[in-house]
Amino acid sequence: MSLSYSVDKVDKDGREMLTYGTKDFPIAFFDDDLVKVSVPWHWHDEFEVVIITEGIVNVKISNSELILKAGEGYFANGGILHSANLKSVTGHQHCLIFSPNLLCSKDDIIRQTYIDPVINNCSFPFVKLSPEISWQNKILKLCEDAWQQGAYEHKDYPLSVKADLGQVFALIIDHMDFILEENIYTNNSKKDESRIKKAIVFIENNYDSFIGIKDIAKSADISVSTCLRLFKDILCTTPIQYLINYRVQKAVEKMKLNIKKPIYETAYECGFSDAAYFNRRFKKIHGCTPTEYLSKINTL
């Protein structure tokens, strides 16, 4: 299957448009250098397992915040909004993203017994994986083995990957009561997250235009006060701050693609009307000016 590369590409609903593996083996294996690869707020229908292999990473997922160090990780259910931010100088993670169809067909007894109880349980958004807890450590080892087998296409890797991940779901089902006790995620949580997703999609489709909080709230069919509350509760920020951060993120992507283009032109293209303001916001987020950032990236 070989390693895949992280690419920021979403459809009209904000879902990632990456092809995870192939039709007959729908799984992708990522080795993310978190200095070079950002993990902004996103979601996808597939399951995701992340194992931190180096550094300290701040993961925000389902109204929760996890500070994960090397050896720890998490399993995320399909459709769950999440993001990650590197908190150390360097950092890497191994990531597996796969469809339920990898393990069985829709009418299979495995699907009914082990997969559907996870997919259909709105109270199970994710589970943190710690090597200090025996059954979670087993999941981490199984997922790392699946990653190694698939990423480097070892002999008979399709069999090994499916066997490893099958055991993962068996462990999850066996410890579902513990997982549900650890998470507070209800139908209302799911409804609120759906509203936030609409607002995020609107911002990502219109970040280069003049938009305000009223426009963002309207896109999600909610009031301004509800919009403010949901962004604070779920994303730990404000709608306008999210918009500004997203504009800076897109500016970084554009600067990397064309390092010779004047930075002020890129700023205007990303919705900033003032280059000085762009520089201030950029430095607040990245700790350096746009010019310094490009210089640092080019030396990595």
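**Exercise 1.** Determine at what angle helix 8 and helix 10 pack, and which residues meet in their contact.

*Solution.* In this predicted model, helix 8 (residues 239–257) and helix 10 (residues 275–286) pack at an angle of about 95°, and their axes are 10 Å apart. Angles of 65 to 115 degrees count as roughly perpendicular, so helix 8 is roughly perpendicular to helix 10. From helix 8 the contact takes Q241, I244, N245, V248, A251, V252 and M255, which meet Y277, F278, R281, F282, I285 and H286 of helix 10.

**Exercise 2.** Carry out the corresponding analysis for helix 5 and helix 7.

*Solution.* The axes of helix 5 (residues 187–206) and helix 7 (residues 224–235) come within 10 Å and cross at roughly 100°, which makes helix 5 roughly perpendicular to helix 7. On the helix 5 side, D192, E193, R195, I196, A199, I200 and I203 take part, and they meet T226, R229, L230, F231, I234 and L235 in helix 7. The residues of the contact of helix 5 with helix 7 comprise eight nonpolar, one polar and four charged.

**Exercise 3.** Identify the buried residues of helix 1 and state what they pack against.

*Solution.* In helix 1 (residues 109–119), the buried residues are R111, I115 and V118. Because they cover an arc of only 95° around the axis, they lie on the same side of helix 1. As background, an α-helix has 3.6 residues a turn, so residues three or four places apart point the same way. The partners against which the buried residues of helix 1 pack are strand 4 (47–54), strand 7 (73–76), helix 3 (157–174) and helix 4 (176–182).

**Exercise 4.** Describe the surroundings of G73.

*Solution.* G73 has its place in strand 7, and at 0% relative accessibility it counts as buried. Leaving aside residues up to four places away in sequence, G73 touches V50, I51, L68, V127, K128, L129 and L140. G73 and S130, although 57 residues apart in sequence, are 6.8 Å apart in space, C-alpha to C-alpha.

How values were computed. Residues numbered from 1 in each chain as written. Predicted model: local features only at pLDDT ≥ 70, side-chain atom pairs only at ≥ 80, totals over all residues. Heavy atoms only, no water. Axes fitted to C-alpha atoms, helices over the stretch in contact; angles between N-to-C directions. Helix = DSSP H or I, 4+ residues; strand = E, 2+ residues; numbered from the N terminus. Parallel < 35°, antiparallel > 145°, perpendicular 65-115°, else oblique. Contact = heavy atoms within 4.5 Å. Nonpolar A, V, L, I, M, F, W, Y, C, P; charged D, E, K, R; others polar. Buried < 20%, exposed > 50% of the residue type's maximum accessible area, 1.4 Å probe, protein only. Arc of directions from axis to C-beta.
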